[in-house]
Amino acid sequence: MHADTDRGGVRLAELVAALSLGIDLGFDQPMEHVLRQCLIALRLAEQIGVDETTRSAVYYTALLTNVGCHSDAHEQAKWFGDDIGLKADKYAYGLHGLGSAVAGVRRLGSGAESVARRFRVGLEFAVSGHRNLNEMVNHHSEMARTLGEQLGLPETVLEALGASYEQWDGKGWPGNLKGDAVPIATRLAAIGEFTEVALRVGGVDAAVNLVRGQRGKQFDPRLSDVFESHATILLTELDTTDTWDAVIGAEPALGVLLTDEQFDVALLAVADFIDLKSPYTLGHARAVADLAEDAAKTLGMSEDEVRTVRRAGLVHSFGKLGVSNAILDKPTPLGAGERERLRMVPYLTGRMLRQSPALAPLGVIAVQHAERLDGSGYPHGLAGAAISRPARVLGAADAYQSMREPRAHREPMSPEQAAVRLRELVTKGQLEPDSVDAVLEAAGHRVPRRRAGPAGLTAREIDVLRLLARGLTNKEIAERLVISRKTVANHVEHIFAKIKVSTRTAAGLFATQHGLLGDEEPVTV
(Lines give C-alpha, C1' and ligand atoms only; values in the text may rest on other atoms or scores of the structure.)
Protein backbone atom coordinates (compact mmCIF):
# COMPACT_ATOMS: atom_id res chain seq x y z
CA MET A 1 0.00 0.00 0.00
CA HIS A 2 1.37 3.42 -0.90
CA ALA A 3 0.52 6.89 0.30
CA ASP A 4 -1.45 8.96 -2.19
CA THR A 5 1.41 11.31 -2.95
CA ASP A 6 -0.06 12.39 -6.27
CA ARG A 7 -2.91 14.14 -4.51
CA GLY A 8 -0.61 15.52 -1.81
CA GLY A 9 -1.09 15.51 1.94
CA VAL A 10 -2.32 12.87 4.38
CA ARG A 11 -5.77 11.40 4.00
CA LEU A 12 -8.07 12.27 6.87
CA ALA A 13 -9.84 9.01 5.97
CA GLU A 14 -6.82 7.06 7.25
CA LEU A 15 -6.93 8.73 10.65
CA VAL A 16 -10.70 8.32 10.95
CA ALA A 17 -10.54 4.69 9.83
CA ALA A 18 -7.81 3.94 12.38
CA LEU A 19 -9.89 5.60 15.09
CA SER A 20 -12.83 3.43 14.07
CA LEU A 21 -10.82 0.35 15.04
CA GLY A 22 -10.68 1.75 18.56
CA ILE A 23 -14.45 2.26 18.48
CA ASP A 24 -14.74 -1.45 17.70
CA LEU A 25 -12.70 -2.27 20.82
CA GLY A 26 -14.88 0.01 22.94
CA PHE A 27 -18.00 -1.90 21.88
CA ASP A 28 -16.43 -5.35 22.32
CA GLN A 29 -16.68 -5.94 18.58
CA PRO A 30 -14.08 -7.48 16.26
CA MET A 31 -11.79 -4.94 14.66
CA GLU A 32 -13.19 -3.69 11.33
CA HIS A 33 -16.82 -3.85 12.48
CA VAL A 34 -17.14 -0.11 11.84
CA LEU A 35 -15.27 -0.36 8.53
CA ARG A 36 -17.72 -3.04 7.39
CA GLN A 37 -20.72 -1.00 8.49
CA CYS A 38 -19.31 1.87 6.42
CA LEU A 39 -19.16 -0.36 3.34
CA ILE A 40 -22.76 -1.54 3.86
CA ALA A 41 -23.98 2.03 4.30
CA LEU A 42 -22.13 3.15 1.16
CA ARG A 43 -23.53 0.27 -0.89
CA LEU A 44 -27.04 1.08 0.27
CA ALA A 45 -26.45 4.74 -0.56
CA GLU A 46 -25.44 3.75 -4.08
CA GLN A 47 -28.63 1.72 -4.48
CA ILE A 48 -30.75 4.82 -3.86
CA GLY A 49 -28.55 7.04 -6.03
CA VAL A 50 -27.26 9.71 -3.64
CA ASP A 51 -25.09 12.56 -4.91
CA GLU A 52 -21.39 12.88 -4.11
CA THR A 53 -21.93 15.36 -1.25
CA THR A 54 -24.34 12.97 0.46
CA ARG A 55 -22.05 10.02 -0.19
CA SER A 56 -19.23 11.89 1.55
CA ALA A 57 -21.52 12.53 4.52
CA VAL A 58 -22.46 8.84 4.67
CA TYR A 59 -18.79 7.84 4.58
CA TYR A 60 -17.61 9.93 7.52
CA THR A 61 -20.84 9.52 9.50
CA ALA A 62 -20.68 5.73 9.33
CA LEU A 63 -17.07 5.80 10.55
CA LEU A 64 -17.67 8.25 13.40
CA THR A 65 -21.24 7.56 14.59
CA ASN A 66 -20.21 5.99 17.89
CA VAL A 67 -16.98 7.92 18.45
CA GLY A 68 -18.39 9.84 21.43
CA CYS A 69 -19.52 6.80 23.39
CA HIS A 70 -16.32 6.46 25.41
CA SER A 71 -16.40 10.05 26.66
CA ASP A 72 -18.46 9.21 29.75
CA ALA A 73 -17.15 5.67 30.21
CA HIS A 74 -16.16 6.69 33.75
CA GLU A 75 -19.83 7.19 34.60
CA GLN A 76 -20.88 4.06 32.69
CA ALA A 77 -18.47 1.96 34.73
CA LYS A 78 -19.61 3.64 37.94
CA TRP A 79 -23.19 2.47 37.38
CA PHE A 80 -22.80 -0.72 35.36
CA GLY A 81 -19.34 -2.08 36.12
CA ASP A 82 -18.06 -2.76 32.61
CA ASP A 83 -18.61 0.11 30.19
CA ILE A 84 -17.48 -1.98 27.21
CA GLY A 85 -19.88 -4.84 27.98
CA LEU A 86 -22.67 -2.32 28.52
CA LYS A 87 -22.20 -0.82 25.07
CA ALA A 88 -22.02 -4.25 23.45
CA ASP A 89 -25.46 -5.05 24.88
CA LYS A 90 -27.19 -2.79 22.37
CA TYR A 91 -26.42 -5.26 19.60
CA ALA A 92 -27.63 -8.24 21.60
CA TYR A 93 -30.76 -6.70 23.12
CA GLY A 94 -31.57 -3.64 20.99
CA LEU A 95 -32.01 -0.04 22.02
CA HIS A 96 -35.51 -0.38 23.44
CA GLY A 97 -37.76 -3.00 24.98
CA LEU A 98 -37.76 -5.45 27.83
CA GLY A 99 -34.57 -7.26 26.85
CA SER A 100 -32.58 -4.05 26.88
CA ALA A 101 -34.05 -3.03 30.24
CA VAL A 102 -33.37 -6.42 31.84
CA ALA A 103 -29.77 -6.40 30.58
CA GLY A 104 -29.24 -2.97 32.12
CA VAL A 105 -30.69 -4.04 35.46
CA ARG A 106 -28.46 -7.10 35.54
CA ARG A 107 -25.38 -4.98 35.02
CA LEU A 108 -26.34 -2.30 37.54
CA GLY A 109 -23.73 -2.18 40.27
CA SER A 110 -21.92 -5.21 38.86
CA GLY A 111 -18.54 -3.64 39.50
CA ALA A 112 -19.18 -3.20 43.22
CA GLU A 113 -16.80 -4.98 45.57
CA SER A 114 -19.58 -6.25 47.85
CA VAL A 115 -23.30 -6.98 47.88
CA ALA A 116 -23.86 -4.03 50.20
CA ARG A 117 -21.98 -1.72 47.86
CA ARG A 118 -23.95 -3.01 44.88
CA PHE A 119 -27.18 -2.28 46.74
CA ARG A 120 -26.01 1.27 47.46
CA VAL A 121 -25.13 1.80 43.79
CA GLY A 122 -28.58 0.54 42.79
CA LEU A 123 -30.25 2.83 45.29
CA GLU A 124 -28.23 5.83 44.16
CA PHE A 125 -29.09 5.02 40.54
CA ALA A 126 -32.80 4.77 41.36
CA VAL A 127 -32.73 8.13 43.15
CA SER A 128 -30.72 10.15 40.66
CA GLY A 129 -28.59 8.16 38.22
CA HIS A 130 -31.39 6.99 35.93
CA ARG A 131 -32.04 10.57 34.91
CA ASN A 132 -28.54 10.75 33.49
CA LEU A 133 -28.91 7.89 31.01
CA ASN A 134 -30.77 9.75 28.29
CA GLU A 135 -28.47 12.73 28.79
CA MET A 136 -25.47 10.44 28.32
CA VAL A 137 -26.74 9.16 24.97
CA ASN A 138 -27.51 12.71 23.85
CA HIS A 139 -24.04 13.67 24.96
CA HIS A 140 -22.46 10.96 22.79
CA SER A 141 -23.83 12.50 19.60
CA GLU A 142 -22.87 15.99 20.75
CA MET A 143 -19.29 14.84 21.32
CA ALA A 144 -19.17 13.09 17.94
CA ARG A 145 -20.21 16.35 16.32
CA THR A 146 -17.56 18.21 18.35
CA LEU A 147 -14.80 15.94 17.06
CA GLY A 148 -16.16 16.32 13.53
CA GLU A 149 -15.89 20.09 13.89
CA GLN A 150 -12.31 19.83 15.14
CA LEU A 151 -11.42 17.63 12.17
CA GLY A 152 -12.87 20.21 9.77
CA LEU A 153 -15.62 17.98 8.37
CA PRO A 154 -18.42 19.64 6.35
CA GLU A 155 -21.75 20.68 7.82
CA THR A 156 -23.60 17.76 6.22
CA VAL A 157 -21.46 15.37 8.25
CA LEU A 158 -21.80 17.44 11.43
CA GLU A 159 -25.58 17.46 11.16
CA ALA A 160 -25.65 13.69 10.69
CA LEU A 161 -23.27 13.08 13.60
CA GLY A 162 -25.35 15.35 15.83
CA ALA A 163 -28.38 13.18 15.04
CA SER A 164 -26.53 9.85 15.39
CA TYR A 165 -29.12 8.30 17.71
CA GLU A 166 -32.32 9.72 16.26
CA GLN A 167 -34.74 7.15 14.84
CA TRP A 168 -37.33 7.14 12.08
CA ASP A 169 -40.21 6.88 14.57
CA GLY A 170 -38.97 9.81 16.66
CA LYS A 171 -38.15 7.60 19.65
CA GLY A 172 -34.39 8.02 19.47
CA TRP A 173 -32.12 10.43 21.31
CA PRO A 174 -32.63 13.28 21.95
CA GLY A 175 -35.91 12.62 20.14
CA ASN A 176 -36.07 15.97 18.36
CA LEU A 177 -36.25 14.49 14.86
CA LYS A 178 -38.30 11.84 13.11
CA GLY A 179 -38.96 10.62 9.59
CA ASP A 180 -37.28 12.48 6.78
CA ALA A 181 -36.08 15.14 9.23
CA VAL A 182 -33.40 12.66 10.34
CA PRO A 183 -30.42 13.25 8.01
CA ILE A 184 -30.19 10.62 5.29
CA ALA A 185 -26.56 9.89 6.23
CA THR A 186 -27.67 9.08 9.79
CA ARG A 187 -30.39 6.73 8.53
CA LEU A 188 -28.01 4.89 6.21
CA ALA A 189 -25.28 4.60 8.86
CA ALA A 190 -27.74 3.13 11.38
CA ILE A 191 -28.76 0.34 9.04
CA GLY A 192 -25.11 -0.35 8.22
CA GLU A 193 -24.14 -0.52 11.90
CA PHE A 194 -26.76 -2.98 13.11
CA THR A 195 -26.91 -5.18 10.02
CA GLU A 196 -23.14 -5.69 10.12
CA VAL A 197 -23.46 -7.34 13.54
CA ALA A 198 -26.52 -9.34 12.52
CA LEU A 199 -24.76 -10.55 9.36
CA ARG A 200 -21.65 -11.56 11.26
CA VAL A 201 -23.61 -13.41 13.94
CA GLY A 202 -26.45 -14.95 11.93
CA GLY A 203 -25.86 -14.45 8.23
CA VAL A 204 -27.85 -12.64 5.54
CA ASP A 205 -31.21 -13.92 6.79
CA ALA A 206 -30.56 -12.53 10.27
CA ALA A 207 -29.68 -9.13 8.80
CA VAL A 208 -32.84 -9.08 6.68
CA ASN A 209 -34.99 -10.13 9.64
CA LEU A 210 -33.49 -7.37 11.77
CA VAL A 211 -34.27 -4.71 9.17
CA ARG A 212 -37.75 -6.09 8.62
CA GLY A 213 -38.44 -5.98 12.36
CA GLN A 214 -37.22 -2.39 12.70
CA ARG A 215 -38.88 -1.10 9.54
CA GLY A 216 -40.70 2.12 10.38
CA LYS A 217 -39.32 2.06 13.92
CA GLN A 218 -35.57 2.46 14.18
CA PHE A 219 -35.09 2.35 10.41
CA ASP A 220 -36.41 4.34 7.46
CA PRO A 221 -39.08 2.10 5.79
CA ARG A 222 -38.00 3.01 2.24
CA LEU A 223 -34.35 2.20 3.00
CA SER A 224 -35.48 -0.97 4.76
CA ASP A 225 -37.32 -2.10 1.65
CA VAL A 226 -34.32 -1.36 -0.58
CA PHE A 227 -32.07 -3.26 1.83
CA GLU A 228 -34.36 -6.29 1.86
CA SER A 229 -34.63 -6.32 -1.94
CA HIS A 230 -30.88 -6.06 -2.47
CA ALA A 231 -29.51 -7.75 0.67
CA THR A 232 -27.40 -10.27 -1.21
CA ILE A 233 -25.72 -7.56 -3.28
CA LEU A 234 -25.21 -5.31 -0.26
CA LEU A 235 -23.70 -7.99 1.95
CA THR A 236 -21.89 -10.22 -0.49
CA GLU A 237 -18.15 -10.83 -0.17
CA LEU A 238 -17.75 -8.75 3.01
CA ASP A 239 -15.95 -11.66 4.65
CA THR A 240 -13.47 -12.01 1.80
CA THR A 241 -12.89 -8.31 1.15
CA ASP A 242 -9.75 -6.55 2.40
CA THR A 243 -11.87 -4.21 4.46
CA TRP A 244 -9.29 -1.51 5.17
CA ASP A 245 -8.28 -1.16 1.51
CA ALA A 246 -11.92 -1.21 0.44
CA VAL A 247 -12.89 1.60 2.82
CA ILE A 248 -9.86 3.76 2.02
CA GLY A 249 -10.45 3.06 -1.67
CA ALA A 250 -14.08 4.13 -1.26
CA GLU A 251 -13.04 7.53 0.08
CA PRO A 252 -15.26 10.14 -1.57
CA ALA A 253 -13.92 12.40 -4.29
CA LEU A 254 -14.63 15.17 -1.80
CA GLY A 255 -12.38 13.49 0.77
CA VAL A 256 -10.23 15.63 3.04
CA LEU A 257 -6.47 15.86 2.50
CA LEU A 258 -4.34 17.25 5.31
CA THR A 259 -1.10 19.20 5.14
CA ASP A 260 1.57 18.34 7.72
CA GLU A 261 0.35 21.13 9.97
CA GLN A 262 -3.29 20.06 9.60
CA PHE A 263 -2.29 16.47 10.30
CA ASP A 264 -0.68 17.58 13.57
CA VAL A 265 -3.82 19.48 14.54
CA ALA A 266 -6.02 16.49 13.70
CA LEU A 267 -3.81 14.09 15.68
CA LEU A 268 -3.98 16.40 18.68
CA ALA A 269 -7.77 16.63 18.45
CA VAL A 270 -8.13 12.84 18.32
CA ALA A 271 -5.61 12.34 21.15
CA ASP A 272 -7.47 14.77 23.40
CA PHE A 273 -10.71 13.04 22.52
CA ILE A 274 -9.41 9.57 23.35
CA ASP A 275 -8.03 10.83 26.65
CA LEU A 276 -11.62 11.61 27.69
CA LYS A 277 -11.90 7.85 28.27
CA SER A 278 -10.87 8.40 31.91
CA PRO A 279 -10.81 11.59 34.01
CA TYR A 280 -7.41 10.44 35.28
CA THR A 281 -5.82 10.65 31.83
CA LEU A 282 -7.22 13.95 30.59
CA GLY A 283 -4.57 15.69 28.52
CA HIS A 284 -2.10 12.81 29.02
CA ALA A 285 -1.17 12.33 25.36
CA ARG A 286 -0.58 16.00 24.61
CA ALA A 287 1.55 16.36 27.76
CA VAL A 288 3.62 13.29 26.84
CA ALA A 289 4.00 14.60 23.28
CA ASP A 290 5.23 17.97 24.56
CA LEU A 291 7.78 16.32 26.86
CA ALA A 292 8.97 13.88 24.20
CA GLU A 293 9.29 16.64 21.60
CA ASP A 294 11.41 18.85 23.87
CA ALA A 295 13.51 15.88 24.98
CA ALA A 296 14.15 14.89 21.36
CA LYS A 297 15.34 18.42 20.62
CA THR A 298 17.65 18.31 23.64
CA LEU A 299 19.12 15.07 22.34
CA GLY A 300 19.87 16.71 18.98
CA MET A 301 17.50 14.62 16.93
CA SER A 302 16.66 15.86 13.42
CA GLU A 303 13.62 18.00 12.72
CA ASP A 304 11.82 15.05 11.10
CA GLU A 305 12.67 12.79 14.04
CA VAL A 306 11.42 15.37 16.52
CA ARG A 307 8.12 15.69 14.68
CA THR A 308 7.76 11.91 14.50
CA VAL A 309 8.44 11.52 18.24
CA ARG A 310 5.84 14.16 19.02
CA ARG A 311 3.26 12.46 16.81
CA ALA A 312 4.06 9.10 18.40
CA GLY A 313 3.42 10.72 21.77
CA LEU A 314 -0.01 11.82 20.62
CA VAL A 315 -1.02 8.32 19.47
CA HIS A 316 0.81 6.18 22.05
CA SER A 317 -2.25 5.28 24.14
CA PHE A 318 -5.00 5.03 21.51
CA GLY A 319 -5.40 1.38 22.50
CA LYS A 320 -6.86 2.24 25.90
CA LEU A 321 -10.21 2.49 24.12
CA GLY A 322 -10.15 -1.31 24.41
CA VAL A 323 -9.74 -1.34 28.20
CA SER A 324 -12.75 -1.12 30.47
CA ASN A 325 -12.96 1.76 32.91
CA ALA A 326 -13.62 -0.88 35.54
CA ILE A 327 -9.84 -1.37 35.18
CA LEU A 328 -8.67 2.14 34.25
CA ASP A 329 -10.55 3.79 37.12
CA LYS A 330 -10.28 1.04 39.73
CA PRO A 331 -9.36 2.56 43.13
CA THR A 332 -7.92 -0.68 44.49
CA PRO A 333 -5.02 -2.89 43.28
CA LEU A 334 -5.58 -4.63 39.95
CA GLY A 335 -5.82 -8.38 39.67
CA ALA A 336 -3.51 -10.38 37.42
CA GLY A 337 -6.01 -10.51 34.57
CA GLU A 338 -6.71 -6.79 34.85
CA ARG A 339 -3.00 -5.98 34.72
CA GLU A 340 -2.62 -8.09 31.62
CA ARG A 341 -5.45 -6.25 29.89
CA LEU A 342 -3.84 -2.92 30.75
CA ARG A 343 -0.55 -4.16 29.34
CA MET A 344 -2.36 -4.74 26.02
CA VAL A 345 -2.73 -1.00 25.39
CA PRO A 346 0.50 -0.58 23.35
CA TYR A 347 -0.30 -3.70 21.34
CA LEU A 348 -3.84 -2.53 20.58
CA THR A 349 -2.46 0.87 19.60
CA GLY A 350 -0.15 -0.78 17.11
CA ARG A 351 -3.02 -2.83 15.68
CA MET A 352 -5.10 0.31 15.21
CA LEU A 353 -2.36 2.15 13.32
CA ARG A 354 -0.57 -0.55 11.34
CA GLN A 355 -2.61 -0.38 8.10
CA SER A 356 -2.25 3.36 7.51
CA PRO A 357 0.86 4.52 5.61
CA ALA A 358 0.77 7.78 7.56
CA LEU A 359 0.19 6.24 10.99
CA ALA A 360 2.06 2.92 10.83
CA PRO A 361 5.53 4.49 11.49
CA LEU A 362 4.07 6.16 14.59
CA GLY A 363 2.58 2.87 15.70
CA VAL A 364 5.97 1.16 15.48
CA ILE A 365 7.30 3.64 18.04
CA ALA A 366 4.17 3.72 20.19
CA VAL A 367 4.00 -0.05 20.56
CA GLN A 368 7.50 -0.01 22.11
CA HIS A 369 7.02 2.83 24.60
CA ALA A 370 6.37 0.46 27.53
CA GLU A 371 9.30 -1.82 26.71
CA ARG A 372 12.30 -1.64 29.05
CA LEU A 373 16.03 -2.05 28.39
CA ASP A 374 16.27 -5.04 30.74
CA GLY A 375 13.45 -6.88 28.95
CA SER A 376 10.94 -6.38 31.77
CA GLY A 377 8.56 -4.24 29.72
CA TYR A 378 5.63 -5.08 27.47
CA PRO A 379 3.94 -6.08 25.18
CA HIS A 380 6.79 -8.04 23.55
CA GLY A 381 9.52 -8.08 26.22
CA LEU A 382 12.05 -6.34 23.97
CA ALA A 383 15.43 -5.43 25.42
CA GLY A 384 18.45 -3.26 24.67
CA ALA A 385 19.02 -2.28 21.06
CA ALA A 386 15.72 -3.87 19.98
CA ILE A 387 13.99 -0.78 21.41
CA SER A 388 14.33 2.19 19.04
CA ARG A 389 15.75 5.48 20.22
CA PRO A 390 12.47 7.37 19.67
CA ALA A 391 10.65 4.72 21.71
CA ARG A 392 13.16 5.12 24.56
CA VAL A 393 12.51 8.85 24.65
CA LEU A 394 8.76 8.33 24.47
CA GLY A 395 8.91 5.70 27.22
CA ALA A 396 10.72 8.04 29.59
CA ALA A 397 8.30 10.89 28.80
CA ASP A 398 5.27 8.67 29.36
CA ALA A 399 6.65 7.30 32.64
CA TYR A 400 7.36 10.77 34.02
CA GLN A 401 4.03 12.25 32.95
CA SER A 402 2.09 9.26 34.32
CA MET A 403 3.73 9.76 37.71
CA ARG A 404 2.78 13.44 37.67
CA GLU A 405 -0.91 12.67 37.07
CA PRO A 406 -3.46 11.38 39.59
CA ARG A 407 -4.80 7.87 39.27
CA ALA A 408 -7.79 6.25 40.90
CA HIS A 409 -5.58 4.53 43.47
CA ARG A 410 -3.10 7.35 44.20
CA GLU A 411 -2.45 11.07 44.22
CA PRO A 412 -0.04 12.59 41.66
CA MET A 413 3.64 12.58 42.53
CA SER A 414 5.40 15.90 42.94
CA PRO A 415 7.96 16.81 40.29
CA GLU A 416 10.74 15.94 42.71
CA GLN A 417 9.21 12.56 43.57
CA ALA A 418 8.72 11.73 39.89
CA ALA A 419 12.30 12.69 39.09
CA VAL A 420 13.64 10.45 41.87
CA ARG A 421 11.49 7.56 40.70
CA LEU A 422 12.61 8.02 37.08
CA ARG A 423 16.27 7.97 38.20
CA GLU A 424 15.57 4.73 40.08
CA LEU A 425 14.38 3.14 36.84
CA VAL A 426 17.68 4.17 35.23
CA THR A 427 19.60 2.58 38.10
CA LYS A 428 17.60 -0.63 37.63
CA GLY A 429 18.58 -0.70 33.97
CA GLN A 430 15.06 -0.17 32.68
CA LEU A 431 15.27 3.34 31.19
CA GLU A 432 18.07 4.90 29.17
CA PRO A 433 20.04 7.58 31.10
CA ASP A 434 20.25 10.04 28.19
CA SER A 435 16.50 9.83 27.51
CA VAL A 436 15.67 10.33 31.17
CA ASP A 437 18.04 13.29 31.46
CA ALA A 438 16.48 14.87 28.39
CA VAL A 439 12.93 14.34 29.69
CA LEU A 440 13.78 15.77 33.10
CA GLU A 441 15.41 18.77 31.45
CA ALA A 442 12.31 19.20 29.31
CA ALA A 443 10.12 19.01 32.44
CA GLY A 444 12.33 21.70 33.92
CA HIS A 445 10.96 21.40 37.45
CA ARG A 446 9.94 24.97 36.88
CA VAL A 447 7.23 26.95 38.68
CA PRO A 448 4.22 27.15 36.33
CA ARG A 449 3.55 30.66 35.11
CA ARG A 450 0.10 31.92 35.94
CA ARG A 451 -1.94 33.63 33.29
CA ALA A 452 -5.45 34.94 32.96
CA GLY A 453 -7.90 32.09 32.67
CA PRO A 454 -9.56 31.34 29.30
CA ALA A 455 -13.21 32.31 28.86
CA GLY A 456 -12.89 34.68 31.83
CA LEU A 457 -12.41 31.89 34.37
CA THR A 458 -11.14 33.01 37.75
CA ALA A 459 -8.25 31.27 39.50
CA ARG A 460 -10.64 29.50 41.87
CA GLU A 461 -12.88 28.42 38.96
CA ILE A 462 -9.83 26.89 37.31
CA ASP A 463 -9.13 24.98 40.55
CA VAL A 464 -12.68 23.64 40.53
CA LEU A 465 -12.57 22.84 36.81
CA ARG A 466 -9.37 20.80 37.21
CA LEU A 467 -10.89 18.65 39.93
CA LEU A 468 -14.23 18.36 38.15
CA ALA A 469 -12.45 17.21 35.01
CA ARG A 470 -10.66 14.54 37.05
CA GLY A 471 -14.02 13.06 38.03
CA LEU A 472 -14.34 14.36 41.60
CA THR A 473 -17.84 14.96 42.95
CA ASN A 474 -18.93 18.35 44.31
CA LYS A 475 -18.51 16.96 47.82
CA GLU A 476 -14.96 15.79 47.09
CA ILE A 477 -14.07 19.11 45.47
CA ALA A 478 -15.39 20.97 48.52
CA GLU A 479 -13.27 18.83 50.82
CA ARG A 480 -10.17 19.23 48.67
CA LEU A 481 -10.46 23.02 48.40
CA VAL A 482 -11.89 23.52 51.92
CA ILE A 483 -15.00 25.30 50.70
CA SER A 484 -18.71 24.51 50.98
CA ARG A 485 -20.56 22.23 48.57
CA LYS A 486 -22.90 25.12 47.76
CA THR A 487 -19.91 27.24 46.77
CA VAL A 488 -18.64 24.43 44.56
CA ALA A 489 -22.06 24.12 42.92
CA ASN A 490 -22.07 27.85 42.21
CA HIS A 491 -18.58 27.65 40.72
CA VAL A 492 -19.60 24.72 38.49
CA GLU A 493 -22.66 26.61 37.27
CA HIS A 494 -20.53 29.65 36.43
CA ILE A 495 -17.85 27.52 34.76
CA PHE A 496 -20.38 25.75 32.52
CA ALA A 497 -21.95 29.09 31.57
CA LYS A 498 -18.60 30.69 30.75
CA ILE A 499 -17.19 27.83 28.67
CA LYS A 500 -20.59 26.99 27.16
CA VAL A 501 -20.79 23.28 28.09
CA SER A 502 -23.17 21.20 30.17
CA THR A 503 -21.27 18.00 31.05
CA ARG A 504 -18.15 16.97 32.93
CA THR A 505 -16.52 15.40 29.89
CA ALA A 506 -17.05 18.48 27.73
CA ALA A 507 -15.58 20.59 30.55
CA GLY A 508 -12.66 18.15 30.72
CA LEU A 509 -12.03 18.56 26.99
CA PHE A 510 -12.05 22.35 27.42
CA ALA A 511 -9.55 22.09 30.30
CA THR A 512 -7.32 19.83 28.23
CA GLN A 513 -7.34 22.01 25.14
CA HIS A 514 -6.61 25.16 27.16
CA GLY A 515 -3.69 23.68 29.07
CA LEU A 516 -5.34 23.82 32.49
CA LEU A 517 -4.34 20.33 33.70
CA GLY A 518 -0.59 20.70 33.87
CA ASP A 519 -0.47 22.01 37.46
CA GLU A 520 -2.48 19.94 39.90
CA GLU A 521 -1.85 22.20 42.87
CA PRO A 522 -4.64 24.63 43.84
CA VAL A 523 -4.18 28.25 42.83
CA THR A 524 -3.44 30.53 45.76
CA VAL A 525 -5.90 33.42 45.89
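User: What limits apply to the model and its numbering?
Analyst: This is a predicted model, in which local features need pLDDT of at least 70, side-chain atom pairs count only at pLDDT 80 or more, and totals for chains, interfaces and linings use all residues. Side-chain values use heavy atoms, without hydrogens and water, and residues are numbered from 1 along each chain as its sequence is written.

User: Which residues have the most contacts inside the largest nonpolar core?
Analyst: A nonpolar core is a set of buried Ala, Val, Leu, Ile, Met, Phe, Trp, Tyr and Cys residues joined through side-chain atoms within 4.5 Å. Buried means under 20% relative accessible area, exposed over 50%, and partly exposed in between, with a 1.4 Å probe and protein chains only. The largest core has 114 residues, and those with the most contacts inside it are L12, Y59, L153 and F227.

User: What is Y59 in contact with, leaving aside its neighbours within four places in sequence?
Analyst: Contact means heavy atoms within 4.5 Å. With those neighbours left aside, the partners of Y59 are A13, C38, L42, V247, I248, A250, E251 and P252.

User: How many residues does the second, separate core have?
Analyst: This core includes V393, A397, A418 and V426. Its size is 31 residues.

User: Why do α3 and α9 count as oblique?
Analyst: Axes are lines fitted to C-alpha atoms, for helices over the stretch in contact, and angles run from 0 to 180 degrees between N-to-C directions. Angles under 35 degrees count as roughly parallel, over 145 as roughly antiparallel, 65 to 115 as roughly perpendicular and the rest as oblique. Helix α3 (residues 52–64) and helix α9 (residues 184–202) have axes 9 Å apart and pack at an angle of about 45 degrees. The two helices are therefore oblique.

User: At what angle do α21 and α22 pack?
Analyst: Helix α21 covers residues 389–404, and helix α22 covers residues 415–427. A396, A399, Y400, M403 and R404 of α21 meet P415, A418, A419, R421, L422 and L425 of α22. The two are oblique to each other. Their axes lie 9 Å apart, and the angle is about 140 degrees.

User: Is G94 buried, partly exposed or exposed?
Analyst: G94 sits in the loop between α5 (83–93) and α6 (98–107). Its relative accessible area is 24%. That makes G94 partly exposed.

User: Where does the cis bond from W173 lead, and what is its omega?
Analyst: The bond runs to P174. P174 lies in the loop between α8 (155–162) and α9. Omega is near 0 degrees.

User: What is omega for the cis bond from Y378 to P379?
Analyst: P379 is in the loop between α20 (360–366) and α21. For this cis bond, omega is near 15 degrees.

User: Is E32 buried or exposed?
Analyst: E32 is not a glycine, yet has a positive phi of about 90 degrees. E32 is in the loop between α1 and α2 (33–48). At 19% relative accessibility, E32 counts as buried.

User: Is K500 buried or exposed?
Analyst: K500 also has a positive phi, of about 60 degrees, and is not a glycine. K500 lies in the loop between α26 (485–499) and α27 (504–513). With 72% relative accessibility, K500 is exposed.

Key: Helix = DSSP H or I, 4+ residues; strand = E, 2+ residues; numbered from the N terminus.
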